[in-house]
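Colleague: I have a structure open and want to learn how to read it. Please take me through it feature by feature.

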Amino acid sequence: MAVEDISRAVLAFNLAGVTELVQKEIDAGTDIDTILNEALIGAMDEVGKRFSDGELYVPEMLMAAQTMKAGLALLKPHLTGDSARAKGTVVIGTVKGDLHDIGKNLVAMMLEGAGFNVVDLGVDVAAETFVQAAGDNGAGVVALSALLTTTMPAMEGTIKALQEAGLTVKIMVGGAPVTSGFADRIGAQGFSADAPGAVELARKLMAAQGGSS
Amino acid sequence: MAPDRHLTLLSEEEVEQIHAATLQVLEEVGLWLPNREVLEILEGAGAEVDFEKHVARYPADMVTAAIGRFPDGFTWYARNPDHTIRIDGSRTHFSMPDSALNVIGPDGKHRPGVPRDGEDICRLCDALPNMAVASTGINPPDMPGGLLEAWHTRTMFCSSSKAVFGVSREVDMVLEMARIVADTCDHLPEGVLPLVAIMNPFSPLYNEADQLAGMLKYARKGVPISISPEVQAGATGPATVAGALVQQTAEFLGHAVLVQCVQPGLGVIYGTVSSVFDMKKMILPYGAPEADILAVGTVQMARRYGIPARNTGGSSDANVLDMQAGAEAMMSTLIAILAGASFVLHGAGELENTMAVSYEKILLDDEIIDMSRRFARGLGVVDAETLAVDVIKQVGCGPPGQFLQQPHTFSHFRSEQFMPRLFVRDMYSNWEKAGRQTAEQRAAAEVERILATHRPEPLPDAAQKEIDAIYHAAEKAALNK
């Protein structure tokens, strides 16, 4: 089946193959949501699983995500407003004082690969910027990253700011020094040690929000 | 690894000093070889022989002529052609312990080895890509001589399809089993047996009649011979490492010259199981750094003679899987590879000063071999592609530059990086969440998985029956003793 061919092409990191096959399905009139959910997002779920099993490594996960995004770009003009927002919006960034973005970028790509609308604020992001972006974009989840033990307290400050602004967003945290114990202490709703775990967590938190923002 | 990049400790001048001293020892002291046939062969080739005292002294030109006949390498055939290996210095081929009495099983219990352990150890060897030569690892206590050799040989041939070594006793029986296996193989050249013999001279400078007789049998059948002296520096050899290397080289050459007299051009390996003698505990510690110096010296002398070398590697004097076990195993494994040894026995899994085989350690040493091989590979090819200036330019300087998404990274990272299978790289909290498994526990799980699932390629039925018949005859003979 052609939808399965698209999945196989994503798992083979075959960017040209994915664009060609996705275009062919669009032209053939295949349901856009089917291409998105079963072919592209389904393939990225499999990538996440293989990564967690130790079979795939980070550069391969990224290459798969890039391949998936090439297919997604072709679908975007055909997505109705509903399906574009159906999975919800995640605002993501590295907290104030921290310039590390590799892990954050990886999580952002995997979230996009899972079909979320991702607003990436970059690095060294002030608490008020998170508050503003979460409100403006109607985010269901805010994801905070920190690599330095010295910037971990900025996570707590950002969470406070989000709560004080009265936003009902769920907050997830991650980064090398971050632990689930720390996440609990600072009032985050979730922690993930790796990117596929972050996708699962975002799905869970988004579902708790009622599926969308 | 390129031959000019091998780890060396001796300068070229020192290699020649060791060689000159060795020739002097062979000429002035000679070897005590209590086997009349051996002495006659050596006398016929120019040695000065005292038949009454069983001593052969080797004139330098006799030794030099024999060295000239050494081949630079040979093929060690396995019954499965995919497992056939070249012994020529181009790669370090690993095996496991040999002749331990105890095992430390997957349950962590230290106990005497039983025949079943030898079969399982052979199956692990068969399953692990870094293990090239089969070994049972153990001598089950109480198994009488005669039966022991039949058991070793049958187990190696039947519980693994990898290369097999010939034990130093009951040589006719070993040769017969090897012949039966050879007859099932299409890939062996006419008359060639899938076997390399393991011989250990005694120190200082002697051997015993039976082992010498066996050595003649192997040589006449064209079976290459690995000759590994075991000098205990300070006890059965000089206390200085240089002196131990001289005596060891004399013991090796004295036997290798004999082999060349019997079968000119037969493959030989210069091996070592020497170390310093521990002056408090009265043991020969294989984990000692001096053993590693002797290992490098052995490989350098072997290269001087244009032949492959054998080391120990992975052996430890620790009694349990602890940091000492890891440190000693890593050191000798890395050194064997860096020095360029061709064959390593007393290897993966060894503990308790050669007396124990740890199942988990076989797996952990297999990982250490991976790490060591990666280190020895160094930079690999250095060219425009690996120097990577194009991709460095592509990413540029400063944030948000990163290489993870570059196709260059995608296409190189797997071949560039050692990927641990058992060693832990999780941060503490993640590691804890994942079940806080140590490398040892991961190894134990992998042992259980392999032993539950791995079945070596069986021998053809008829050959298996013939080998079983030889084994059962040995069993019967042992009972009637």
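Colleague: Which residue is the bridge partner of Asn311(B) in strand 16 of chain B?

Modeller: Two strands pair if DSSP finds at least two bridges between them. Strands (E, at least two residues) and helices (H or I, at least four) are DSSP runs, numbered from the N terminus. Here Val344(B) of strand 16 is the partner of Asn311(B). Strand 15 and strand 16 (residues 343-344) of chain B run parallel, joined by 2 bridges. This is a predicted model, where local features need pLDDT of at least 70, side-chain atom pairs count only at pLDDT 80 or more, and totals for chains, interfaces and linings use all residues. Residues are numbered from 1 along each chain as its sequence is written, while chains are lettered from A and ligands numbered from 1 in the order in which they are written.

Colleague: In what order do the strands of the open sheet in chain B come?

Modeller: The order is 6-16-15-13-11-10-9, 7 strands with parallel pairing. Strand 6 (93-94) and strand 9 (165-166) of chain B are at the edges; each has a single partner strand, so one side of each lacks a neighbour in the sheet. Helix 8 (residues 241-262) of chain B packs on this sheet and touches strand 10 (196-199), strand 11 (225-227) and strand 13 (268-271). Its direction makes about 160° with that of strand 11 of chain B. For such angles, axes are lines fitted to C-alpha atoms, for helices over the stretch in contact, and values run from 0 to 180 degrees between N-to-C directions.

Colleague: Is Ala318(B) buried or exposed?

Modeller: Count C-beta atoms, placed from the backbone, within 10 Å of the residue's own: 20 or more others means buried, 12 or fewer exposed, in between partly exposed. Ala318(B) is buried because it has 21 C-beta neighbours inside 10 Å. Ala318(B) sits in the loop between strand 15 (309-311) and helix 10 (323-339) of chain B. Leaving out residues up to four places away in sequence, Ala318(B) touches Gln324(B), Ala325(B), Glu328(B) and Leu351(B). Contact requires C-beta atoms, placed from the backbone, within 7 Å.

Colleague: How many residues of chain B are in contact with chain A?

Modeller: 11 residues of chain B meet 14 residues of chain A. Helix 14 (407-416) and helix 15 (428-433) of chain B each give two or more residues to that side of chain B. Helix 14 of chain B gives the most, with 3 residues.

Key: Contact = placed C-beta atoms within 7 Å.
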